[in-house]
Amino acid sequence: MSWGTELWDQFDNLEKHTQWGIDVLEKYIKFVKERTEIELSYAKQLRNLSKKYQPKKNSKEEEEYRYTSTRAFLATLNEMNDYAGQHEVISENMTSLITGELTRYVQELKQERKSHFHDGRKAQQHIETCWKQLEASKRRFERDCKEADRAQQYFEKMDADINVTKADVEKARQQAQLRHQMAEDSKAEYSSTLQKFNSEQHEHYYTHIPNIFQKIQEMEERRIVRIGESMKTFAEVDRQVIPIIGKCLDEITKAAESVDHKNDSQMVIEAFKSGFEPPGDIEFEDFTQPMKRTVSESSLSNSRGDGKSEPKFGGKSKGKLWPFIKKNKLSLKLGAGPEDFSNLPPEQRRKKLQQKVDELNKDIQKELDQRDALTKMKDVYIKNPQMGDAASVDHRLSELAQNIEKLRLEVQKFEGWLAEVEGRLPARNEQPRRQSGMYEPQNPSAVNSCAQDRESPDGSYTEEQSQETEMKVPATDFDDEFDDEEPLPTIGTCKALYTFEGQNEGTISVAEGEMLYVIEEDKGDGWTRIRRNEDEEGYVPTSYVEVYLDKNAKGAMTYI
């Protein structure tokens, strides 16, 4: 089965067929290319989908991922990200192994096809030239034969005519002989040309054309084999990622099986447990006497069992009774809770404070590690001055020392609040006074009772009070003490030794070298209360300022 013998006369059809084969190959390349684009698009959409539902860092949503069901969902999102990566692998492999290789092969195929058909056309042109030569020799032989016949007839006519001279007859005879000789020469040339043409034709149809068509056939068969191999590769590329995709699906199944409803239920208890006891029974209401109600036992005030209801602040209540913060000066920012988490129930407050302490300790450790590294670097610079200037790290070491001191002060503050909640230390009565600047509770039990009565069973604080269940106490003195308090007098001045960023509630930011008023000296907790002007005052670390106590300092300071 050879195209050279079976299709010796189908040159034009073979040319069309091989061009069609190249078109099919290019169509397949385009198909694979579009498939790779679809895989990339699908992978991109999967990644975007996974990213869209990932929890945002430092958000409430991130805290929700501590439950087993949400952790399983997060694992599913991560596996979907890996799943998308496998589709990108499919696209990359198809591009490199199929489209890239076939594109180069098509270019080579076109060049080879062009060369073969050029040889075929050249062979055809050669045989056509030989045919034309044969036709010309044949026509020449035919013409010479006719001329010889006419010359012979003319000679015979002249020889039979008695009126023609002998010279004319001799001339006619010579002309006839010449024409016969020319005819014989043409016959010999025609015979030679015919033999040559037959030889060329046999060579053309039995040697040249079969060889050229055989090469074209081999070229076409290689094309067919190549496109078959590419289709096989197309399937293999998909099959190679199936195990990894299977692992992704197995991990999703494993994550789904890790969902524990009992564990999630317990975590809900830990997340929202207030630490309060349910309210006690309501006593019989005798309308001849004020209503009595058993005070709820809570972890904040151990007043259950007294048998007496505590009086409440009523009338002009302005919200929670702690922390007592100076109005308009040290008030909490809108939408933010107190720094000591005093707005939370005891159990939740303890968790928040412990979490804050752990975070601060981690920050301190990071700063210590940086300080140790810089200290070692400085020692190396001292021993080998050519490696660097030892003084260049002093500024950074100073900054780290300040940061560590600030963080340690913060840890001490939060550990103190944590100790209060856990009952290791007595409640600090000084802190509210330090925050307000003036107020000191005269009757702690009354304040605790007031705070306890305003707590709901779920640990929240209610702003509204029933008129039937409260003993109203005139609140004018209580309100006036906060609304109309006089500013504290200055007791000296101070100079900021370092820059301090007052980011916590009750603190104030100062710049290095700034002069300010001192209105309350350090009470042993490491904080000094200062004032910049009538509307700006707060606490700064005592180690950050140099204090000059002077009773006559007020009015004598100039601002820098």
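The accessible surface of the protein comes to about 35,400 Å², and 51% of that area belongs to carbon and sulfur atoms. Areas were computed by the Shrake-Rupley method with a 1.4 Å probe; for residues, only the protein chains shown count as cover. The model is predicted: local features need pLDDT of at least 70, side-chain atom pairs count only at pLDDT 80 or more, and totals for chains, interfaces and linings use all residues. Residues are numbered from 1 along each chain as its sequence is written, and side-chain values use heavy atoms, with hydrogens and water left out.

The secondary structure comprises eleven helices and five strands. Both are DSSP runs numbered from the N terminus (helices: H or I, at least four residues; strands: E, at least two). Of the 560 residues, 33% count as buried. Buried means under 20% relative accessible area, exposed over 50%, and partly exposed in between (1.4 Å probe, protein chains only). Among contacts with a separation of 6 or more, 73% join residues 24 or more positions apart. A contact requires heavy atoms within 4.5 Å.

Two helix pairs were examined. Helix α2 (residues 11-52) and helix α5 (residues 166-257) cross at roughly 15°, and their axes come within 11 Å. Axes are lines fitted to C-alpha atoms, for helices over the stretch in contact; angles run from 0 to 180 degrees between N-to-C directions. Helices α2 and α5 are therefore roughly parallel to each other. Angles under 35 degrees count as roughly parallel, over 145 as roughly antiparallel, 65 to 115 as roughly perpendicular and the rest as oblique. The α2-α5 crossing is left-handed, with the near helix turned anticlockwise from the far one by less than a right angle. Their contact has 15 nonpolar, four polar and four charged residues. Ala, Val, Leu, Ile, Met, Phe, Trp, Tyr, Cys and Pro count as nonpolar, Asp, Glu, Lys and Arg as charged, and the others, Gly among them, as polar.

V241 lies in helix α5. V241 counts as buried because its relative accessibility is 4%. Beyond its neighbours within four places in sequence, V241 contacts Q86, V89 and I90. V241 and I90 are 151 residues apart in sequence, with a C-alpha to C-alpha distance of 7.5 Å.

Helix α7 (residues 346-383) packs against helix α8 (residues 394-422) at about 160°, with the axes 9 Å apart. Helices α7 and α8 are therefore roughly antiparallel to each other. Their crossing is left-handed. The contact of α7 with α8 divides into 16 nonpolar, five polar and 14 charged residues. P346 lies in helix α7 and is buried, at 11% relative accessible area.
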